[in-house]
Amino acid sequence: MELQKAQEKVDKWIKEHGVRYFNELTNMAQLTEEVGEVARIIARRYGEQSEKESDKNKDLGEELADVLFVTLCLANQTGVDLQTAFDKKLDLKTKRDHDRHHNNEKLK
């Protein structure tokens, strides 16, 4: 799904089920909370921390989707076209980082 379609889908969902968008500061706090949940899973499942029994059933995909949902909400309510922004960023990273990563000894 293109990001523009995802933004439209989230906007439709908000209007049909969510009453209205939370304000930008509330959504920023929610985004921080969701990123923290992703970090907790990664740290325990792939890092050096041990995973608590209560964390073993946490779904990383679901948590990443929460991050994406709130990001799409923030983009919608602030007028950001994420498809354009993403394409621009990918182009910039492609031009800037192509040789940098190929020449990075740490990645070999």
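1. From the N terminus on, the elements of the chain run α-α-α-α, and the chain has four helices and zero strands (helices are DSSP runs of H or I with at least four residues, strands runs of E with at least two, numbered from the N terminus). This is a predicted model, in which local features need pLDDT of at least 70 and side-chain atom pairs count only at pLDDT 80 or more, while totals for chains, interfaces and linings use all residues. Residues are numbered from 1 along each chain as its sequence is written, and side-chain values use heavy atoms, with hydrogens and water left out.

2. Helix H1 (residues 3-18) packs with helix H4 (residues 82-102) at an angle of about 150 degrees, the axes being 7 Å apart (axes are lines fitted to C-alpha atoms, for helices over the stretch in contact, and angles between N-to-C directions run from 0 to 180 degrees). H1 and H4 are therefore roughly antiparallel to each other, a term for angles over 145 degrees. Leu3, Gln4 and Gln7 of H1 make the contact with Leu82, Gln83 and Phe86 of H4, where contact means heavy atoms within 4.5 Å.

3. The structure holds one aromatic pair (ring centres within 6.5 Å, using the six-membered ring of Trp). The ring centres of Trp13 and Phe69 lie 5.6 Å apart with the planes at 85 degrees, so the pair is edge-to-face, the term for planes over 60 degrees apart. Because Trp13 lies in helix H1 and Phe69 in helix H3 (residues 60-78), the pair ties together parts that are 56 residues apart in sequence.

Note on methods:
Parallel < 35°, antiparallel > 145°, perpendicular 65-115°, else oblique. Phe/Tyr/Trp six-rings, centres within 6.5 Å; stacked < 30°, edge-to-face > 60°.
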